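Here are my notes on the model you asked me to look over.

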Amino acid sequence: MSHDAVPDPLLEKALRTHTDYGQEQLEEHELAGDPFTQFTAWLAEAAEHKVYEPNAMVIGTIDPDGRPSSRTVLLRGVDERGFAFYTDYTSRKGRALIANPGISAVFPWYPLHRQVLIYGEAHKVDEADSNDYFSNRPRGAQIAAWSSDQSHPIDGRDALEQKVRDTEQHFAEAETVPRPERWGGFRIVPDRVEFWQGRTSRLHDRLVFERRGSGWAVTRLQP
Ligand SMILES: Cc1cc2nc3c(=O)[nH]c(=O)nc-3n(C[C@H](O)[C@H](O)[C@H](O)COP(=O)(O)O)c2cc1C
């Protein structure tokens, strides 16, 4: 990709775009009784409308030195226990979450004028669940998990590709590739989930579920 200067009109367009959101609404009486049911309904609609990577979410964590950091991961499971994703426990996010389980997540479903904001704590999923998920990944992804110490520096692309070749050789005779101990799932257990529906003239709907004992309270926020 070349890095020529961006023509001014394009930059202007990108910075000044102002979309007036459509006629969709989210009223209290339409809301499911819990955030997981509401979330799965919206996720299905995002998939139905062919939102690109509808299960992609941007998670925010706090590094051990107190700095925030964020990145995209893919949701791989959701039920009444929470929202599960898989990663390297020794990555930046892995180390952050082990030191401080506080986490936020955003599903940015822009084409639907929607976002879901999740706040809670992330804890490792059971090893059996991580094994199960890992065993169903393509072999190339399994080899990559062994070959990449995620978020740690490396001396160039060649060194990474050499690690992949070494791992392939190591498992050449193995029918299945086991899960590396440092790789597995986190489940976000939410205490707050906001459903945001864009509406015309910036008068958006924002309905927030907050955990109250074994149930959920719903509050509307001003846009
Ligand atoms: C669409 C998309 C999906 C991604 N999914 C994952 C994922 O499920 N797990 C993961 O560890 N990294 C995933 N990544 C890479 C992360 O964004 C990130 O680069 C990596 O996890 C290292 O983050 P960290 O250094 O903050 O730990 C994804 C990136 C993109 C763009």
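**Notes on the predicted model**

1. Let me start with helix α5, which spans residues 139–147. Its buried residues are Gln-142, Ile-143, Ala-145 and Ser-147. These buried residues pack against three elements: α4 (127–135), α6 (157–170) and β7 (183–197).

2. Now a step back to the whole chain; keep in mind that this is a predicted model. The chain has six helices and nine strands. Its C-alpha atoms fill a box of roughly 60 × 55 × 40 Å along the principal axes. Of the 223 residues, 36% are buried.

3. On contacts and surface: take the contacts in the chain with a separation of 6 or more, and 64% of them are between residues 24 or more positions apart. The accessible surface of the chain is about 13500 Å², and carbon and sulfur atoms account for 51% of that.

4. Next, the ligand. Where does the ligand sit? The space it takes is the largest pocket. The residues around the ligand are Glu-53, Arg-71, Thr-72, Val-73, Leu-74, Tyr-86, Thr-87, Ser-91, Arg-92, Lys-93, Gln-150 and Ser-151.

5. Which element gives the most to the shell around the ligand? That's β2, with four residues. Strand β2 (68–74), strand β4 and helix α3 (92–99) each supply at least two residues of that shell.

6. An oxygen atom of the ligand lies 2.6 Å from an N or O atom in the side chain of Ser-151. A polar side-chain atom of Gln-150 is 3.0 Å from a ligand oxygen atom. With Thr-72 the backbone is involved instead: one of its N or O atoms lies 2.7 Å from an oxygen atom of the ligand. As for cover, the ligand has 620 Å² of accessible area on its own, and the protein covers 64% of it.

7. Is Thr-87 buried or exposed? It counts as buried, because its relative accessibility is 4% and the cut-off for buried is under 20%.

8. Which side chains make polar contacts with the side chain of Thr-87? Lys-93 is one, at 2.8 Å, and Gln-150 is another, at 3.1 Å. Leaving out residues up to four places away in sequence, Thr-87 touches Lys-93, Gln-150, Arg-182, Trp-183, Gly-184 and Phe-186.

9. Last one: Ala-56, found in strand β1 (residues 56–62). Ala-56 has a relative accessibility of 17%, so it counts as buried too. Again leaving out residues up to four places away in sequence, Ala-56 touches Thr-72, Val-73, Leu-74, Val-106, Phe-107 and Pro-108. Ala-56 and Arg-76 are 20 residues apart in sequence, with their C-alpha atoms 9.4 Å apart in space.

Note on methods
Residues numbered from 1 in each chain as written. Predicted model: local features only at pLDDT ≥ 70, side-chain atom pairs only at ≥ 80, totals over all residues. Heavy atoms only, no water. Buried < 20%, exposed > 50% of the residue type's maximum accessible area, 1.4 Å probe, protein only. Polar contact = N/O pair within 3.5 Å; in protein donor to acceptor, adjacent residues only side chain to side chain. Contact = heavy atoms within 4.5 Å. Near = heavy atom within 4 Å. Areas by Shrake-Rupley, 256 points an atom, 1.4 Å probe, with all protein chains shown as cover. 1 Å grid on protein atoms, 1.4 Å probe; cavity = no way out; pocket = protein on both sides within 12 Å on 5 of 7 lines; lining within 4 Å. Sits in = over half its atoms within 2 Å of the grid points.
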